[in-house]
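Here are my notes on this predicted model. Please read them with the coordinates open.

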Amino acid sequence: MASSSDHKATIIDGKAIAQTIRSEIADEVRQLSQKYGKVPGLAVVIVGSRKDSQSYVGMKRKACAEVGIKSFDVDLPEEAPESELISKIHELNANPDVHGILVQLPLPKHINEEKVLSEISLEKDVDGFHPLNIGKLAMKGREPLFHPCTPKGCLELLSRSGISIKGKNAAVVGRSNIVGLPVSLLLLKADATVSIVHSRTPDPERLIHEADIVIAAAGQAMMIKGSWIKPGAAVIDVGTNAIDDPTKKSGYRLVGDVDFQEACKVAGWITPVPGGVGPMTVAMLLRNTLDGAKRVIEQ
């Protein structure tokens, strides 16, 4: 038996898997275009000029172009009133060439996120955050029209790496509306036994150590130590945290919620940060947009 220091987890290459998915999508978009003369359309709405949001939105628009999805750009200034954003959403709801509507979060403080998201047409809610889509996700025997992109990407990474979920213990670290909560619902639908670990959990290490699958989405840099991981577990690290690094030109580097170097010595599989979950989120957004378009165009 090799000593544990020789063990090296299998790295799940999210970038490569996402690229495969993007080429599958591009093929389907071409077929739609040839057969019906129509392509999927995605509206990406951004309010204000947050650097990180701008960069995410840029990535999403570029990815659309790459697979042949038409992108509709709506850029509103930081001070735009809520009513203006909502009337833009109503216009997009009514536009038959738009099959998906994404509002980049977070929104400026003066805008009520819940109100805005519930205005998006259910059939175009490619982010999967409409309360009805989340409600259906939570119920047995119901299927939402769309699964939220990052959680869907996490499960896709597991399935494309040959990791089965049924009957496994899963620990989800974090309970956000965007990742923690929906990913735990998806795991439950896939027949895992799910624990949700959060800031008020007294002994997070114990629950994480019992898990065959760990989804880390707490937003705390390297919070999960290698010693917390069960040997052979699959670790999906959703965290992207900037930490100071004077050796880098930017002055920082990105790390996940898991101590990658240490976890590699114990886990069976692990996603890197960057290059793990990030590219999958965008790929799943494209997938949802294509699915929404197919529902309409192929009717």
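1. The buried residues of α7 pack against α5, α6 (149-160), β5 (169-173), β6 (193-197) and β7 (213-216). The helix is mostly covered, with seven of its 10 residues buried. Those seven are Gly 180, Pro 182, Val 183, Ser 184, Leu 185, Leu 186 and Leu 187.

2. Look next at the pairing of α5 (residues 131-138) with α7 (residues 180-189). Their axes come within 9 Å and cross at roughly 35°. From α5, the contact uses Ile 134, Lys 136, Leu 137 and Ala 138. From α7, Pro 182, Leu 185, Leu 186 and Lys 189 take part. By class, the contact residues are six nonpolar, two charged and no polar.

3. Check the backbone at the end of α7. Just after the helix, Asp 191 takes a positive phi of about 70°.

4. Asp 237 is buried but has no salt bridge. How far away is the nearest side chain of opposite charge? That side chain belongs to Arg 253, and the distance is 11 Å.

5. What does the side chain of Asp 237 reach instead? Another is the backbone nitrogen of Val 258, which lies 3.1 Å from a polar atom of the Asp 237 side chain.

6. The surroundings of Asp 237 complete the picture. Leaving aside residues up to four places away in sequence, Asp 237 touches Ala 216, Gly 256, Asp 257, Val 258, Thr 271, Val 273 and Val 277.

Key. Residues numbered from 1 in each chain as written. Predicted model: local features only at pLDDT ≥ 70, side-chain atom pairs only at ≥ 80, totals over all residues. Heavy atoms only, no water. Axes fitted to C-alpha atoms, helices over the stretch in contact; angles between N-to-C directions. Helix = DSSP H or I, 4+ residues; strand = E, 2+ residues; numbered from the N terminus. Contact = heavy atoms within 4.5 Å. Nonpolar A, V, L, I, M, F, W, Y, C, P; charged D, E, K, R; others polar. Buried < 20%, exposed > 50% of the residue type's maximum accessible area, 1.4 Å probe, protein only. Lys, Arg positive; Asp, Glu negative; His and termini not counted. Salt bridge = Lys/Arg side-chain N within 4 Å of Asp/Glu carboxyl O. Polar contact = N/O pair within 3.5 Å; in protein donor to acceptor, adjacent residues only side chain to side chain.
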